[in-house]
Amino acid sequence: HTDITSQSTQLQLAPTPPPPPLFFHWRHIMADPQAPKKDEEKDGQKHDELNNNLLGAAQHGQLDELKRLIAANADPAYQEKEQGISAMMAAAVGGHCEVIHELLCNGAPWNAVDKHGRSAGNYALKAGHQKAVDQIVNAGVTAELIFAQLGKNQRKGQGIGSSEKANKESKEYIDRNVRYSQGKLLDESEDAVMMKWETPLMEAHAKVLCPKEGLDVLNIGFGMGIVDTALQKFKPKSHTIVEVHGGVLKKIYADGWDKKPGVIVVPGRWQDVMHELGTYDAIFFDTYGEYYDDMREFHSWLPKILREGGIYSFFNGFCPDNIIFQGVMCQVLQQELALQNIAVEFQQCDIDIDEKDWEGVKRKYFWSNTYYLPIGRKASTASKEEAHSSSDNSNRRMSIEEAAHGETGDVKEDSSSID
């Protein structure tokens with residue numbers, strides 16, 4: 001989290017103590033230059049020994065020894081050099097929840113990864129320790145919510161909008177040429193904006209969004225028009241499309257979307273046209289080149305534009321290469337939208353992505369053959385209290401499968417060791 005450093009610099013630090021007397025500096029300068037180096041090496045060796053002992057104590061669940069080592073200045077965030085294994089990962093393999101709790105309380109990051117991209121949560125999941133998985137996920141959710149609020153407060157104090165961080169990337173995308181080629185929408189860097197393999201996902205989204213015909217629907221981000229084509233099958237009363245890219249708009253008009261009955265094309269950034277929009281029964285959000293902060297800003301509009309009983313969904317590209325991180329972000333979103341009277345669940349969809357689908361694409365943006373489709377439902381005002389009560393129950397401290405996928409199930413991965 002690159003924001004952590006910038007946020008920590010805003011903290012009020014204690015006054016800097018006065019410098020030591022001048023003779024201290026003089027003695028230091030005149031001393032044998034090799035002496036401090038030897039002391040530093042000795043201290044470094046001692047610290048490495050403490051840190052390695054910390055890994056051992058964590059792996060074997062030795063809580064008292066772990067506390068003693070931390071008190072002796074062992075680093076809870078230490079990762080050994082060969083594999084990048086941390087004390088949290090070592091504890092996770094053994095399912096030692098008390099040790100994990102102690103490490104978290106002493107500043108060990110929940111989301112550190114080893115040299116293979118695996119976090120402590122991944123180690124716990126593979127070893128079959130669901131309680132440890134839940135513990136780490138819950139720590140991640142808490143941390144993300146806190147940092148989100150800190151970031152919001154910092155931007156507010158500086159007069160910065162939540163989307164300004166993404167403006168550069170968004171503008172770069174808008175200014176790039178795009179082309180439609182062999183079932184792909186590519187920018188000039190050969191990055192995929194959208195691909196044909198998403199078709200079954202978009203059809204599933206449309207089916208969820210339109211449980212009946214004659215609804216007013218809104219889609220933010222046309223792309224290849226896959227979800228819009230699927231939405232048209234449900235004969236919406238009105239169908240509003242917001243799109244910013246000139247090349248995509250050219251495709252929209254060339255294909256006659258603006259001539260279809262009930263279709264309204266709104267050119268421009270969604271941030272700039274929200275005041276022009278009405279209210280809708282179904283809303284889909286799928287933009288490119290933006291951050292989660294931008295999605296948060298869009299979510300702030302949902303109470304105004306999503307009707308009671310309406311359904312909201314979006315392309316779920318949250319951390320697609322790490323199930324733990326995805327589970328954390330899904331729970332973060334659930335809790336944030338619950339505050340806006342929108343209850344979110346996730347429906348599992350199996351998809352078939354062939355490696356050949358990625359030929360000619362610079363970077364993959366999805367790695368799994370399982371997709372977790374978000375379904376957000378806005379409760380009526382009359383049942384708001386009931387919805388919050390239901391949300392509190394549905395957003396309990398769930399397993400990673402429940403949190404990220406909207407389902408329960410046993411861990412299927414084999415046990416693992418630190419080796």
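1. A crossing of two helices is called left-handed if the near helix is turned anticlockwise from the far one by less than a right angle, and right-handed if it is turned clockwise. By that convention, H14 passes H16 in a right-handed crossing. The model discussed here is predicted, and local features need pLDDT of at least 70, side-chain atom pairs count only at pLDDT 80 or more, while totals for chains, interfaces and linings use all residues. Residues are numbered from 1 along each chain as its sequence is written, and side-chain values use heavy atoms, with hydrogens and water left out.

2. On the overall make-up, the protein chain holds 18 helices and 10 strands, where helices (H or I, at least four residues) and strands (E, at least two) are DSSP runs numbered from the N terminus. Of its 419 residues, 45% count as buried, a word that stands for under 20% relative accessible area, with exposed meaning over 50% and partly exposed in between (1.4 Å probe, protein chains only). Among the contacts in the protein chain with a separation of 6 or more, 70% come from residues 24 or more positions apart, a contact being heavy atoms within 4.5 Å.

3. Returning to H14 (residues 292-299) and H16 (residues 323-338), their axes come within 11 Å and cross at roughly 25°; axes are lines fitted to C-alpha atoms, for helices over the stretch in contact, and angles run from 0 to 180 degrees between N-to-C directions. The two helices are therefore roughly parallel to each other, given that angles under 35 degrees count as roughly parallel, over 145 as roughly antiparallel, 65 to 115 as roughly perpendicular and the rest as oblique. Tyr292, Met295, Arg296 and His299 in H14 meet Met329, Val332, Leu333, Glu336 and Leu337 in H16. The residues of this contact divide into six nonpolar, one polar and two charged, with Ala, Val, Leu, Ile, Met, Phe, Trp, Tyr, Cys and Pro counted as nonpolar, Asp, Glu, Lys and Arg as charged, and the others, Gly among them, as polar.

4. Helix H6 (residues 97-105) packs with H5 (residues 87-94) at an angle of about 160°, the axes being 9 Å apart, and that makes H5 roughly antiparallel to H6. The crossing of H5 and H6 is left-handed. On the H5 side the contact is made by Ala87, Met88, Ala91 and Ala92, and on the H6 side by Val99, Ile100, Leu103 and Leu104; these residues divide into eight nonpolar, no polar and no charged.

5. H6 also packs with H4 (residues 63-71), here at an angle of about 15° and with the axes 10 Å apart, and H4 and H6 are therefore roughly parallel to each other. H4 passes H6 in a right-handed crossing. Leu63, Leu66, Lys67 and Ile70 of H4 make the contact with Glu98, Val99, Glu102 and Leu103 of H6, and the residues divide into five nonpolar, no polar and three charged. Within H6, Cys97, Val99, Ile100, Glu102 and Leu103 are buried, and just after this helix Gly107 takes a positive phi of about 95°.

6. Three strands form an open sheet in the order E1-E2-E3, with antiparallel pairing; two strands are said to pair if DSSP finds at least two bridges between them. E1 and E3 (192-195) stand at the edges, each with a single partner strand, so one side of each is left without a neighbour in the sheet. The twist averages 15° from one strand to the next. Helix H12 (residues 246-254) packs on the sheet, touching E1 and E2, and its direction makes about 45° with that of E1.

7. In the pairing itself, E1 (residues 178-181) and E2 (residues 184-187) are antiparallel over four bridges, and Ser181 has Lys184 in E2 as its bridge partner. The hairpin of E1 and E2 has two residues between the strands, and there Gln182 takes a positive phi near 50°. Three bridges join E2 to E3, with Leu186 standing opposite Ala192 in E3.

8. A last point concerns Thr370, which lies in strand E10 (residues 370-378) and is buried, with a relative accessible area of 18%. Leaving aside its neighbours within four places in sequence, Thr370 is in contact with Gln348, Cys349, Asp350 and Ile351. The C-alpha atoms of Thr370 and Asp352, which are 18 residues apart along the chain, are separated by 8.5 Å.
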